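Walk through this structure with me, one region at a time. Keep the sequence and the 3D view open side by side.

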Amino acid sequence: MPMLLAIELAYWQETAIKVAVMAVLVPTTALILGIVFLFKMMSWMQSRMGPQEAGPRGLLQLLADGVKFLQKEDIIPDAADRFVFKAAPIVVLVSTFLTYVVVPAGPDLVIENLPTGIFFAMAVSSLSVIGVLMAGWASSNKYALMGGLRAAGQLIAYELPLVLAVTGVVIQVGSLSMQDIVWAQATGEIFGWGGIGLPLILTQILAFFVFMAAVQAELAQPPFDMPIAETEVVGGYHIEYTGFRFLFFFLGEFATAFAFAAIAATLFLGGWYVPGIPPDSVWANVVGPIALFVKIMFVSFLIFWFRFTYPRFREDQLQTFAWKYLIPLSLVNITVTGIVVVAF
Amino acid sequence: MTLTESQQLAYVAAQAADARVNLQFETDDGMTLNIGPQHPATHGTLRIIVRLDGEQVVRAEPYPGYMHRGYEKLCEVRTYPQVTTLVNRIDWLGSFANEVPFILAAEKLMDIEAPPRAQVIRTILFELSRMANVSLFLGDLGIQLGGITIGFYAFRDREFVLNQIESATGGRFHPNFDRIGGLKDDLPKGWIAETKRCMERMRTFCDQFETLVLGNEIFQARTRGIGVIPPDVARSYGLTGANIRGSGVDWDLRRDSVPPGLSYDKADWKVHTHPDGDSFARTWVRLQEVRESTLIVDQLLDAIPSGPVMAKVPRIIKVPEGEAYVATENPLGEMGYYVVSKGDLVPFRVKIRSASFNNISIVPWVTRGVFVPDMVTILASLYFILGDIDR
């Protein structure tokens, strides 16, 4: 792969740049998703105005809300386990940050191209369960406890279809590295025609649906939002959180949505690859991030579309859905993929 | 402000009583969850103390009274025309409907009948407030179940009904328009055509609700078979309105015993019942009720007779001695006023029978053994208004 910038950097310089990029990227993505989907698309679908006052067409509303959160009093309940209570939002946010590490935005634009990239992403994304459980337990609130336990049960149940759905892709590509998965799609051919590469959604359509359903549950978005269902457990595990600690959960939720959308775009839609631009050219580094962003926005649109349309499941119905439908479906997908890969 | 000693003692006693309730529930086995008075599912200040086994409800006990405003007692120091200002705050979503039974009871005592034009317009406004009320229920059910989009649609389309009520009466929420012997004013110009357009809109909303919510698989999974109330239980708990019709009991005061002063007989409409008795049935019945309401209004709009809207009543209203009970089919169920008069300017005693108080009395029975999310479904589908419970 040719280097876009032929500059040799020391290890600490490289690390500093990567950390800075991450520190800017994660909150920005959360802001973008929040404004575009939570404020604008949601109000458009629900035929109402949405925020209008802060900034042009209310685009700065989320920023204003963020400032508002920072100003609020940081309340910790008397009976709370103070250390765990304070640590929980950080654990959630760390898991979100780590997920971004392996997502490539171009041939060279990846923070760390781990050979086991997708495995790493799945592993660190499930770290957030620990944070959620910590928040639920440490708040010393019954609603928070119920929300935390619901979240734990749900996230563990949906971790399985998520991983199994990814397994289909991994079998077809033959690599766990996210870069390799993109390259396989970029250089793939549809019955000998390589015009648009081979986006894996064409062969792994079943895995794509299972993955999206599982992502929806991982993010605790409706129809799977029982952990934070405000009419049942009144916000669940973040009921006792105020101010910037609540902001951490909020950031974590939307940044994780963006990260999962990025993973879905990379696995199934070709990631940074744009048809017509050779993946080994310098231009791929320039166009790549834009292409990835467009694809991520498309996947996020699906996620939020479901969010605004469906009522929520009940806890046992959710488990039934995971164990009786999603997991068998993804096992079928793995079996078929395995047979096809071995046979051809 | 300094408190007198007796006030302080009363305050301490109230605090102690509250603490005793809490203690009693905390020290028993199992987990006790206090839902309300501030909880989104109680949409108001209903307090429900739930004993849980895991997420399963062992016992749920509603504790109403956090919004008690003493209307029955207050009525005793208001003259008859002033009472409507009070009572239309009982069920605040369909407030014109609260005034009507009281006015009808007073008319019955005074032996006055409103002119035919006033009777028809009264019925139209009654049905409009039913629509304003029940359409919000339909949206609220969606919100309770997590599908908030329909909630915004309900607020949007209810606005048109409220506009019609406002342009006729001057008040969006509290019209205070019904008078003993007729109505305050006649209808404004162009109101009839505008209301017909509004009815079209409400029917569109009902279709939207049917496709977006009723037809949704998740909604059906959440409501079908949840909170089943058999007909005999519904009768024994005194359920009224759509709750009892959802249990398959064909009971509607608008058809069975419409008091003089309302003209439901001029329209051709039918009562919908559903045999299942679950949350889905109650929702379905309410949806059909809104549809039927729009049809009633459409027909009555064409049948408004000409004439005055006010009968001849004395300038100072003194109700002759006697007692009367008049009940109407309000949006939430049977609402009745038992008025006792001693021939004075003010009623001697007013007893208000409101629907929601009886409707939530079934909560301990119907929530045994359900899960917490199902309890939210059941509470939402029973549909209570806090003002209607506590008065």
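Ala220(A) sits in the loop that joins H8 and H9 of chain A. Helices (H or I, at least four residues) and strands (E, at least two) are DSSP runs, numbered from the N terminus. The phi of Ala220(A) is near 55°, a positive value in a residue other than glycine. Most residues other than glycine have a negative phi. Is Ala220(A) buried or exposed? Ala220(A) counts as buried, because it has 24 C-beta neighbours inside 10 Å. The cut-offs are these: a residue is buried with 20 or more other C-beta atoms within 10 Å of its own, exposed with 12 or fewer, and partly exposed in between, with C-beta atoms placed from the backbone.

Ser140(A) also has a positive phi, near 50°. Ser140(A) belongs to the loop between helix H5 (128-138) and H6 of chain A. Ser140(A) is partly exposed, because 15 other C-beta atoms lie within 10 Å.

A word on the source. This is a predicted model, in which local features need pLDDT of at least 70 and side-chain atom pairs count only at pLDDT 80 or more, while totals for chains, interfaces and linings use all residues. Residues are numbered from 1 along each chain as its sequence is written, and chains are lettered from A and ligands numbered from 1 in the order in which they are written.

Now take chain A as a whole. Chain A has 11 helices and zero strands. Its radius of gyration is 21 Å, close to the 20 Å that the globule rule gives for 344 residues, so chain A is as compact as a globular protein of that length. That radius is taken over C-alpha atoms, and the rule is 2.2 Å times the number of residues to the power 0.38. The C-alpha trace of chain A spans about 65 × 50 × 45 Å along its principal axes. Of its 344 residues, 49% count as buried. Two residues are in contact if their C-beta atoms, placed from the backbone, lie within 7 Å. Among contacts in chain A with a separation of 6 or more, 78% join residues 24 or more positions apart.

Next, helix H7 (residues 178-187) of chain A. H7(A) is mostly covered, with eight of its 10 residues buried. Among them are Met178(A), Ile181(A) and Trp183(A). The buried residues pack against helix H4 (117-125), helix H6 (142-173) and helix H9 (243-268) of chain A.

Of the 210 residues in the largest one, Phe211(A), Ala214(A), Phe258(A), Ala261(A), Ala264(A) and Ala106(B) touch the most other members. H9(A) gives the largest share of this core, 18 residues. Follow Phe258(A). Leaving aside neighbours within four places in sequence, Phe258(A) is in contact with Thr29(A), Ala30(A), Leu33(A), Ile296(A) and Ser300(A).

Phe301(A) lies in helix H10 of chain A. The C-alpha atoms of Phe301(A) and Leu33(A) are separated by 9.3 Å, although the two are 268 residues apart along the chain. Phe301(A) counts as partly exposed, because it has 14 C-beta neighbours inside 10 Å.

Move on to H11(A). Its 29 residues, at 1.5 Å a residue, should span 42 Å, and its end C-alpha atoms are 41 Å apart, which agrees. The expected span is 1.5 Å times one less than the number of residues. H11(A) has a kink of about 30°, centred on Ala322(A). The bend at a residue is the angle between axes fitted to the seven residues ending there and the seven starting there. Ala322(A) is one of the buried residues of H11(A), which also include Leu318(A), Phe321(A) and Leu326(A). The buried residues of H11(A) pack against H6 and helix H8 (205-218) of chain A, together with helix H15 (372-382) of chain B.

That brings us to the partner chain. The contact takes 24 residues from chain A and 26 residues from chain B. On the chain A side, H6, helix H10 (283-309) and helix H11 (315-343) give two or more residues each. Chain B itself has 16 helices and eight strands. Of its 391 residues, 51% count as buried.

How values were computed:
A nonpolar core is a set of buried Ala, Val, Leu, Ile, Met, Phe, Trp, Tyr and Cys residues joined through C-beta atoms within 7 Å.
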